[in-house]
Amino acid sequence: MGDHTHDSSDFLTDKSAKIFVAGHRGLVGSAIVRKLQSLGFTNLLLRSHSELDLTRQSDVDSFFAAEKPRFVILAAAKVGGIHANNTFPADFIAINLQIQTNVIDSSFRHGVKKFLFLGSSCIYPKLAPQPIPEHALLTGPLEPTNEWYAIAKIAGIKMCQAYRIQYSWDAISVMPTNLYGRNDNFHPENSHVLPALMRRFHEAKVNNAKQVVVWGTGSPLREFLHVDDLADAVVFLMDKYSGLEHLNVGSGKEVTIKDLAELVKEVVGFEGDLVWDTSKPDGTPRKLMDNSKLLELGWTPKISLKDGLVDTYKWYVENVVGQ
Ligand SMILES: NC(=O)C1=CN([C@@H]2O[C@H](COP(=O)(O)OP(=O)(O)OC[C@H]3O[C@@H](n4cnc5c(N)ncnc54)[C@H](OP(=O)(O)O)[C@@H]3O)[C@@H](O)[C@H]2O)C=CC1
Ligand SMILES: C[C@H]1O[C@H](OP(=O)(O)OP(=O)(O)OC[C@H]2O[C@@H](n3cnc4c(=O)[nH]c(N)nc43)[C@H](O)[C@@H]2O)[C@@H](O)[C@@H](O)C1=O
């Protein structure tokens with residue numbers, strides 16, 4: 001049935017193989033492109049959103065028919081933090097279902113050898129056991145602030161499994177924890193917590209503000225992974241993993257939002273106070289992935305949260321501030 005969990009594909013052997021990285025301008029896609037380029041891959045197939053709208057089925061199919069990539073990594077999606085997910089539920093379910101259905105089906109029909117789908121830790125029940133094992137999927141109700149996005153992601157996992165079962169097609173699914181790094185979205189309301197706070201502390205520092213508002217109670221726990229570690233894991237799994245089950249990718253380390261805010265404040269160099277806006281949702285109380293399956297395959301994360309924050313802040317100042 002094509003469930004050769006520990007088989008090695010020839011992903012790393014042919015550096016001229018055509019690889020379509022969908023969403024290459026985003027946080028995750030750009031990190032995967034950097035990783036592949038650093039390994040010597042020379043035939044990356046890249047299209048911006050304006051060049052190819054992945055929600056348009058016939059455009060996607062024509063693109064695959066013409067280009068015939070050998071490998072596909074799907075990092076294009078409608079993505080956002082807790083506020084965006086809670087405010088635009090129709091976009092989060094519809095756009096993600098459209099993109100992933102089009103790209104998965106066209107990849108299969110046009111002979112892609114191996115396909116990788118990216119989900120998210122929000123696929124798991126709100127009150128899943130911690131750390132969250134892969135088999136916690138579909139065992140309880142979802143976190144309401146992101147259930148629409150989560151349902152789309154669960155459908156993506158199931159679609160990859162269905163194509164593997166029916167057609168023996170090599171499609172795998174990877175569930176990253178909360179990510180951060182270069183090319184993140186620093187939008188003040190719609191981004192994730194880490195880029196949102198980095199921007200807010202930076203702007204408060206340059207404007208000599210006394211206070212910065214942080215959302216929620218500060219008590220939720222989150223696990224963060226630098227996107228360069230995620231890109232390393234994606235390439236590792238394209239080479240090493242061909243299983244039916246989705247795999248968690250995390251750092252294994254969690255932090256409260258309060259401690260994260262203090263750390264970002266320190267890295268940015270803001271010296272004022274934090275004010276907690278408890279009218280904003282906390283979301284899931286705790287979301288730590290069990291990454292033991294990935295560790296057993298031989299992969300380990302390398303970038304600490306502190307080092308990753310320093311690198312991201314440097315990038316933000318050099319590339320986003322004043323643009
Ligand atoms: N960021 C995180 O913390 C996490 C992310 N993930 C997953 O990783 C993947 C990538 O996320 P991330 O890099 O953060 O997201 P980004 O928003 O940074 O990047 C998404 C990319 O997809 C492109 N895109 C969106 N819609 C379309 C479309 N209709 N047609 C073509 N391209 C489109 C965007 O282009 P444009 O901006 O021009 O629309 C953008 O380049 C997603 O599947 C996400 O679920 C998983 C866990 C955590
Ligand atoms: C990756 C993951 O991302 C989303 O889930 P989330 O983990 O809740 O992500 P978040 O980064 O937006 O918030 C984390 C915590 O941080 C708090 N918080 C404080 N201050 C700000 C703030 O200024 N902005 C944001 N966004 N959050 C803040 C916030 O209240 C919450 O308690 C999913 O919708 C889903 O898309 C998904 O899969």
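**A salt bridge to start**

Modeller: The side chains of Arg-109 and Asp-105 form a salt bridge, at 2.9 Å from N to O. Keep in mind that this is a predicted model.

Biologist: How far apart are Arg-109 and Asp-105 in helix H4?
Modeller: They are four residues apart in H4, so about one helical turn separates them. Side chains of opposite charge can pair when their charged atoms come close.

Biologist: How many salt bridges does the count come to?
Modeller: The count comes to 21.

Biologist: Now the sheet. In what order do the six strands run?
Modeller: The order is S2-S1-S3-S4-S5-S9. The sheet is open, and the pairing is parallel.

Biologist: Which are the edge strands?
Modeller: Strand S2, residues 44–45, and strand S9, residues 247–249. Each of these pairs on one side only.

Biologist: How many bridges join S4 and S5?
Modeller: Four bridges, in the parallel sense. S4 covers residues 114–118 and S5 covers residues 171–176. As one example, Phe-117 has Ser-173 in S5 as its bridge partner.

Biologist: Which strands does helix H5 touch?
Modeller: H5, residues 147–167, packs on the sheet and touches S4 and S5. Its direction makes about 155° with that of S5.

Biologist: On to helix pairs. What describes two packed helices?
Modeller: The angle between their axes and the distance between the axes.

Biologist: What are those values for H4 and H5?
Modeller: The angle is about 15°, and the axes are 8 Å apart. H4 and H5 are therefore roughly parallel to each other. Their crossing is right-handed.

Biologist: Which residues make that contact?
Modeller: On the H4 side they include Phe-92, Ile-93, Leu-97, Ile-104 and Phe-108. On the H5 side they include Trp-148, Ile-151, Met-159, Tyr-163 and Tyr-167. Asp-105, the salt-bridge partner of Arg-109, is also among the H4 residues in this contact.

Biologist: How do the residues of that contact divide by class?
Modeller: There are 15 nonpolar, four polar and two charged residues.

Biologist: And H2 with H4, what angle do they pack at?
Modeller: About 30°, with axes 9 Å apart. H2 is residues 57–67 and H4 is residues 89–109. That pair is therefore roughly parallel too. H2 passes H4 in a right-handed crossing.

Biologist: Which residues meet there?
Modeller: Gln-57, Val-60, Asp-61 and Phe-64 in H2 meet Asn-102, Val-103, Ser-106 and Ser-107 in H4. By class, this contact has three nonpolar, four polar and one charged residues.

Biologist: At roughly what angle do H6 and H10 cross?
Modeller: Roughly 60°, and their axes come within 11 Å. That makes H6 oblique to H10. H6 spans residues 193–206, while H10 spans residues 305–319. The crossing is right-handed.

Biologist: Which residues make the contact in H6 and H10?
Modeller: Leu-194, Met-198 and His-202 are among those from H6. Leu-309, Tyr-313 and Tyr-316 are among those from H10. The contact divides into seven nonpolar, two polar and three charged residues.

Biologist: New topic, the backbone. Is the bond from Gln-130 to Pro-131 cis or trans?
Modeller: That peptide bond is cis, with omega near -10°. Pro-131 sits in the loop between S4 and H5. Most peptide bonds are trans.

Biologist: Is phi of Asn-183 positive or negative?
Modeller: Positive, near 65°, in a residue other than glycine. Asn-183 lies in the loop between strand S6, residues 178–180, and H6.

How values were computed. Residues are numbered from 1 along each chain as its sequence is written. Chains are lettered from A and ligands numbered from 1 in the order in which they are written. This is a predicted model: local features need pLDDT of at least 70, side-chain atom pairs count only at pLDDT 80 or more; totals for chains, interfaces and linings use all residues. Side-chain values use heavy atoms; hydrogens and water are left out. Two strands pair if DSSP finds at least two bridges between them. Helices (H or I, at least four residues) and strands (E, at least two) are DSSP runs, numbered from the N terminus. Contact means heavy atoms within 4.5 Å. Axes are lines fitted to C-alpha atoms, for helices over the stretch in contact, and angles run from 0 to 180 degrees between N-to-C directions. Angles under 35 degrees count as roughly parallel, over 145 as roughly antiparallel, 65 to 115 as roughly perpendicular and the rest as oblique. A crossing is left-handed if the near helix is turned anticlockwise from the far one by less than a right angle, and right-handed if clockwise. Ala, Val, Leu, Ile, Met, Phe, Trp, Tyr, Cys and Pro count as nonpolar, Asp, Glu, Lys and Arg as charged, and the others, Gly among them, as polar. A salt bridge is a side-chain nitrogen of Lys or Arg within 4 Å of a carboxyl oxygen of Asp or Glu.
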